[in-house]
Amino acid sequence: KSREEYKNINFLITAGGTKEYIDPVRFISNKSSGKMGLAFCDSVKKRGGSFRLICPSSVEAHYPAVFADTAGDMLARVNDFISECDILIMAAAVADYKPKKYFSSKIKKNNGHMCVDLEKNPDILQEISGYKRKNQVFVGFAAESDNLQENALKKLKDKKLDMIVANDISRKDIGFDSLYNEVTVFFADGKVEHIGKKRKSEIAEDILNFAVNIFKNKKGF
Ligand code: PMT
């Protein structure tokens, strides 16, 4: 592929799992390593596009990144940069819940039962869907262990996405922290594409092809 192919297309890419702090040393998180999101950065760079990466500081990013550790931080940073992007790739695994109370000192061990109350985090894609521009393309992911199609289609519609990339996270050989993935892509126009198991770098190339085609159609070229 030519280095110039994505010239003048701006991508916003999120990667990794957010961390929701309980106290200064403990947090709730998930298994996302950031590999999938970073594979998009590699592909965009290879084809001459420009991108901004937003991820938690724990992701081993080989690119300059805007750090966002919690879902709240990530929402704020996505809001900062969304207007300048043509294509949003939301590969981050954003925590749906956070501890209701943050303890500013380390919680001491005691003999009793311990309980952490959780409350809902904002849904980033849902929030930004309200001010999506006509020419922007939003790509979401769906990490599912059951009813992949039904759940992915609901997210596609609720979050007003152009396409959603669904992966089955119950499989140990793909998905979280693996070099590989296997995905089904559901498009807003009803089309469905399955991409069999391959390296995340190759999956990213396929998904970018789809997203850039949608973008070019919207722009009329
Ligand atoms: O990072 P890796 O180890 O390489 O693993 C890749 C991956 C499995 C994490 C990735 O392929 C993936 O599936 N990412 C999305 C994980 C996720 O949060 O899925 P979800 O079904 O909970 O969310 C649906 C979509 O809404 C996602 O695009 C998510 O970024 C977004 N979301 C979710 C919750 C929230 N509060 N705000 C959001 O915007």
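Biologist: In this predicted model, how many residues surround the ligand, and which are the closest?

Modeller: The ligand is surrounded by 27 residues, and the closest are S33, K35, M36, I124 and F141.

Biologist: What is the strand order of the open sheet, and why are β5 and β12 said to stand at its edges?

Modeller: The eight strands follow the order β5-β4-β1-β6-β9-β10-β11-β12, with mixed pairing. Both β5 (66-67) and β12 (192-199) have a single partner strand, so one side of each is left without a neighbour in the sheet.

Biologist: Which helices lie across these strands, and at what angles do they run?

Modeller: Helix α1 lies across β1 (10-14), β4 (50-55), β6 (87-90) and β11 (180-187), and runs at about 160° to β1. Helix α4 (residues 148-158) lies across β9, β10 and β11, and its angle to β9 is about 150°.

Biologist: Which residues does UniProt list under "binding site", and how do you know that they do not all gather at one spot?

Modeller: The unreviewed UniProt entry lists D96, K106, P122, D123, I124, L125, F141, K155 and K159. These positions span 64 residues in sequence, and their farthest two C-alpha atoms are 37.1 Å apart, so they do not all gather at one spot.

Biologist: Why is D96 called partly exposed?

Modeller: A residue is buried with 20 or more C-beta neighbours within 10 Å and exposed with 12 or fewer. D96 has 14 such neighbours, which falls in between, and therefore counts as partly exposed. D96 is placed in the loop between β6 and β7 (97-99). Leaving aside neighbours within four places in sequence, D96 is in contact with K120 and N121.

Biologist: What is the corresponding result for D123, and where is D123 placed?

Modeller: D123 has 16 C-beta neighbours inside 10 Å, so D123 is partly exposed. D123 is in the loop between β8 (118-120) and α3.

How values were computed. Residues numbered from 1 in each chain as written. Predicted model: local features only at pLDDT ≥ 70, side-chain atom pairs only at ≥ 80, totals over all residues. Near = placed C-beta within 6 Å. Pairing = 2+ DSSP bridges. Helix = DSSP H or I, 4+ residues; strand = E, 2+ residues; numbered from the N terminus. Contact = placed C-beta atoms within 7 Å. Axes fitted to C-alpha atoms, helices over the stretch in contact; angles between N-to-C directions. UniProt positions renumbered as here; feature names shortened; annotations may be inferred.
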